[in-house]
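Open the model in your viewer and keep the selection tool ready. We will go stop by stop.

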Amino acid sequence: TSKERRTALRTFDIQLSYPPEKRWKEVAEWTAELGTGFLKKFLNATGVGADQESKLLFLGRRMLSTTPEEKAEIEAFASMSGEDAGEVAIMQAIYAISTACTAIVAQGE
């Protein structure tokens with residue numbers, strides 16, 4: 001029998017007051033510990049072929065031209081985690097769509 005590798009979920013304290021390049025550092029380092037290739041693993045699990053994968057990566061890289069702040073966050077996360085920036089952008093979009101999360105943040109005074 002094969003054993004699945006299980007990873008305990010962690011919580012992270014994301015400081016929005018940090019520069020975009022540092023906000024997700026803790027999450028990116030944890031992601032790097034788990035191994036790279038999340039988009040490829042996700043797409044393989046859903047039956048998406050290599051031709052569609054390359055189109056998604058192209059789209060993800062085009063998404064990096066959104067706002068300078070978002071671009072800085074995604075590129076920093078990619079650099080720290082070892083993932084491709086296009087993959088990070090696509091995974092972020094998949095998460096936002098699948099959870100109806102629009103990244104609205106409430107800040108206290």
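Here is a short tour of the helices, their contacts and a core.

Before you start: this is a predicted model, where local features need pLDDT of at least 70, side-chain atom pairs count only at pLDDT 80 or more, and totals for chains, interfaces and linings use all residues. Residues are numbered from 1 along each chain as its sequence is written, and side-chain values use heavy atoms, with hydrogens and water left out.

**Stop 1: the whole chain.** Show the cartoon. The protein has five helices and zero strands. Helices (H or I, at least four residues) and strands (E, at least two) are DSSP runs, numbered from the N terminus. Along the sequence the pattern reads α-α-α-α-α. Of the 109 residues, 27% are buried. Buried means under 20% relative accessible area, exposed means over 50%, and partly exposed lies in between (1.4 Å probe, protein chains only).

**Stop 2: helices 3 and 5.** Select residues 50-63 for helix 3 and 85-99 for helix 5. Their axes come within 7 Å and cross at roughly 90°. Axes are lines fitted to C-alpha atoms, for helices over the stretch in contact, and angles run from 0 to 180 degrees between N-to-C directions. The two helices are therefore roughly perpendicular (65 to 115 degrees). Now show side chains. In helix 3, the residues in contact (heavy atoms within 4.5 Å) include Leu56, Leu57 and Gly60. Their partners in helix 5 include Gly86, Ile90 and Ala93.

**Stop 3: Arg62.** Stay in helix 3 and pick Arg62. Is Arg62 buried or exposed? Arg62 counts as exposed because its relative accessibility is 55%.

**Stop 4: the core.** Select Val27, Ala28, Leu64, Ile74, Phe77, Ala78, Ala85, Val88 and Ala89. These nine residues form the largest nonpolar core. Such a core is a set of buried Ala, Val, Leu, Ile, Met, Phe, Trp, Tyr and Cys residues joined through side-chain atoms within 4.5 Å. Helix 1 (25-34), helix 4 (68-81) and helix 5 each supply at least two of its residues. In soluble globular proteins, nonpolar side chains tend to be buried together. Zoom in on Val27. Leaving out residues up to four places away in sequence, Val27 touches Phe12, Ile14 and Phe77.

**Stop 5: helices 1 and 4.** Which residues build this contact? Helix 1 brings Lys25, Val27, Ala28, Thr31 and Ala32, while helix 4 brings Phe77, Met80 and Ser81. The axes come within 8 Å and cross at roughly 35°.

Technical notes. Parallel < 35°, antiparallel > 145°, perpendicular 65-115°, else oblique.
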